[in-house]
Amino acid sequence: GKIVVAGLALVVFGGTAYGYVNLRALDDVARDSVIDAEGETKPGEQPADGSLDILLVGRDSRSDNQGKPLPPEMLRELRAGANGDDLTDTLIVLRIPNGTKEVKAFSIPRDSYVSMPGGKGKINAAFGRGKAAEARRLREAGESDKAKINQGALTAARRATRQAVEDLTGVKIDHFAE
């Protein structure tokens, strides 16, 4: 009996240590406030429609997390085309209903034609339009720090994408992952 308990304790300790080490790796994940503060769901609170809606966005970024261009050899390896990173390639809404085990996901075609600031266009252009508009606004306001302009522009681009998806689907997005 003591050997079984000791073995179980060792397994629990090992699992806890493994989890702690991997949790620390999440410190390098970039976080950004894409959901407006007044619309955020507080911890433990359920959204009004009883589901959790997550927007998953994939885009072809040609830069790293600091906004520096990727090396040419990496771009060749990734077979990245000539388009910049201002378009979203994948838009998936993941819906987790409250109290049920049935999770649903639906993909939004990137060529869906929608209304957005600046006029109608393909939904995958919402990211680029939001990014360009915010970068221009920040420069006109006197901001000269490229890192601050880039971060502010990316936040605005993510918000514009989220808003375009909400306007198209009528679904209130609770979380955003890129």
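Trainee: How do the residues lining the second largest pocket divide into nonpolar, polar and charged?

Mentor: Seven are nonpolar, four polar and four charged. Nonpolar here covers Ala, Val, Leu, Ile, Met, Phe, Trp, Tyr, Cys and Pro, charged covers Asp, Glu, Lys and Arg, and the others, Gly among them, are polar. Keep in mind that this is a predicted model, where local features need pLDDT of at least 70 and side-chain atom pairs count only at pLDDT 80 or more, while totals for chains, interfaces and linings use all residues. Numbering starts from 1 along each chain as its sequence is written, and side-chain values use heavy atoms, with hydrogens and water left out.

Trainee: What counts as a pocket or a lining residue?

Mentor: On a 1 Å grid over the protein atoms alone, a pocket is an open set of points with protein on both sides within 12 Å along at least five of seven lines, and lining residues have an atom within 4 Å of a point.

Trainee: Which residues lie nearest the centre of that pocket?

Mentor: M116, P117, A126, G130 and A160, out of 15 lining residues.

Trainee: And which helix gives the most to the lining?

Mentor: α4, with six residues. Both α3 (126-140) and α4 supply at least two. Helices are DSSP runs of H or I with at least four residues, strands are runs of E with at least two, and both are numbered from the N terminus.

Trainee: Switching topic: what is the strand order in the open sheet of four strands?

Mentor: β3-β2-β1-β6, with mixed pairing; two strands pair if DSSP finds at least two bridges between them. β3 and β6 (175-177) are at the edges with a single partner strand each, so one side of each has no neighbour in the sheet. Neighbouring strands are turned by 20 degrees against each other on average, direction ignored.

Trainee: Which strands in it run parallel?

Mentor: β1 and β6, joined by three bridges; L56 has A177 as its bridge partner in β6. β1 (residues 51-59) and β2 (residues 88-97) are antiparallel over nine bridges, with R59 opposite T88. β2 and β3 (residues 104-107) are antiparallel too, over four bridges, and L94 has A105 as its partner there.

Trainee: Which strands does α4 lie across?

Mentor: Helix α4 (residues 146-169) lies across β1, β2, β3 and β6, at about 125 degrees to β1. Angles run from 0 to 180 degrees between N-to-C directions, using axes fitted to C-alpha atoms, for helices over the stretch in contact, and contact means heavy atoms within 4.5 Å.

Technical notes. 1 Å grid on protein atoms, 1.4 Å probe; cavity = no way out; pocket = protein on both sides within 12 Å on 5 of 7 lines; lining within 4 Å.
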